[in-house]
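These are my notebook entries on a single protein structure. I record here what I looked up, in order.

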Amino acid sequence: MARKEPRDVRRVTCIGAGPIGGGWSAHFLAHGYQVTTYLHDAAEEEALRQFVDTAWPSLESLGLADGASPNALRCTSDLAAAVANAEFVQESAPENLALKQSLYVELGTLVPDDVVIASSTSGLTMTDIQARCPSPERTVVAHPFNPPYLLPLVEIVGGARTDPAAVVWLAEFYRLSGKAPLVMDTEIPGFIATRLQEALWREALHMVANGEATVEQIDLAITTGPGPRWAVMGPCMAFHVAAGEGGMAATLDHFGPALKLPWTRLEAPELTSDLRERMVAGCLREAAGRDFTRLAGERDAALVAVARALKDD
């Protein structure tokens, strides 16, 4: 099947207007695409446009593509109209398998045959999502990290019925549109980055539940410890460099026995009402009266600074 070259794509359809769907819309607008966003409810349009307006200063500071404008955003709550002229579709519907399977029954028929459909799912497999899709060969998982308009990573993996050519096409499309595509060799629940993030998250919950650490202590430990290092070097290379000239071999030889020590509990703790209350209360203390808009603004400004520092390096 003749598919438009990734560099020739100009019209993108985003399905969903939550933090991920809205983030994708802002990202594609900043890279000069004509974006149509499908809204489950037309009343969501005002919130989506405010979301894009809030993200725009950060995107401007990183550099916009020629002709990029928030005015290139069109919204509709008619799914057929949303995808009729799409040259690429980014789906960010709620994380519900039955809902996504029903949606892909429609998309498999409505979306033009030569168009790739990517799902932002954070944990479902494409093999499950595409189970009832009438054209599964062009469906691929493309999992971003929040906020998608600032963090470059997108994890890509096809399902059992995905054409490998669609995966190759998608990786090239994302590369051209400013993302950092990571093509996975096989499907695993949670992909790579989320699995690693969840391991840390489970351990944090254990420490709060057991009264071993507070929310503030955990966040301070990461933001002043491994967090800044991870911005420039992944955990494997960090350990490789940490051991000096001996590299990873010296790290494993020296710290290998510690792997068997009970330093971590990877089983998830029971999410009791007490644990929930401790987590919520701790975050409110740490926020110190700052609302979501202010916190998100501070996060975005810091991410922009990191991105610019890495770009200048």
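How many disulfides does a search of the whole structure find? I noted before starting that the model is predicted. The search found zero disulfides.

Entry on the cysteines. I looked up Cys75, which takes part in no disulfide; the nearest cysteine sulfur belongs to Cys14 and is 10 Å away.

Entry on the cores. I then turned to the largest nonpolar core, which has 37 residues. Val12, Phe28, Phe88, Ile156, Leu170, Phe173 and Tyr174 touch the most other members. Several elements supply at least two residues each, among them strand E1 (11-15), helix H1 (19-30) and helix H6 (164-176). H6 gives the most, with seven residues. Apart from this core lies another, of 22 residues, including Leu79 and Met126. In general, nonpolar side chains in soluble globular proteins tend to be buried together.

Entry on Tyr174. Leaving aside residues up to four places away in sequence, I found that Tyr174 touches, among others, Trp24, Phe28, Phe88 and Pro181.

Entry on Gly123. I located Gly123 in the loop between strand E5 (117-119) and helix H5 (126-129). Its relative accessibility is 26%, so Gly123 counts as partly exposed. Gly123 and Pro189 are 66 residues apart in sequence, yet their C-alpha atoms are 5.3 Å apart in space.

Terms used:
Residues are numbered from 1 along each chain as its sequence is written. This is a predicted model: local features need pLDDT of at least 70, side-chain atom pairs count only at pLDDT 80 or more; totals for chains, interfaces and linings use all residues. Side-chain values use heavy atoms; hydrogens and water are left out. A nonpolar core is a set of buried Ala, Val, Leu, Ile, Met, Phe, Trp, Tyr and Cys residues joined through side-chain atoms within 4.5 Å. Buried means under 20% relative accessible area, exposed over 50%, partly exposed in between (1.4 Å probe, protein chains only). Helices (H or I, at least four residues) and strands (E, at least two) are DSSP runs, numbered from the N terminus. Contact means heavy atoms within 4.5 Å. A disulfide is a pair of cysteine sulfur atoms within 2.5 Å.
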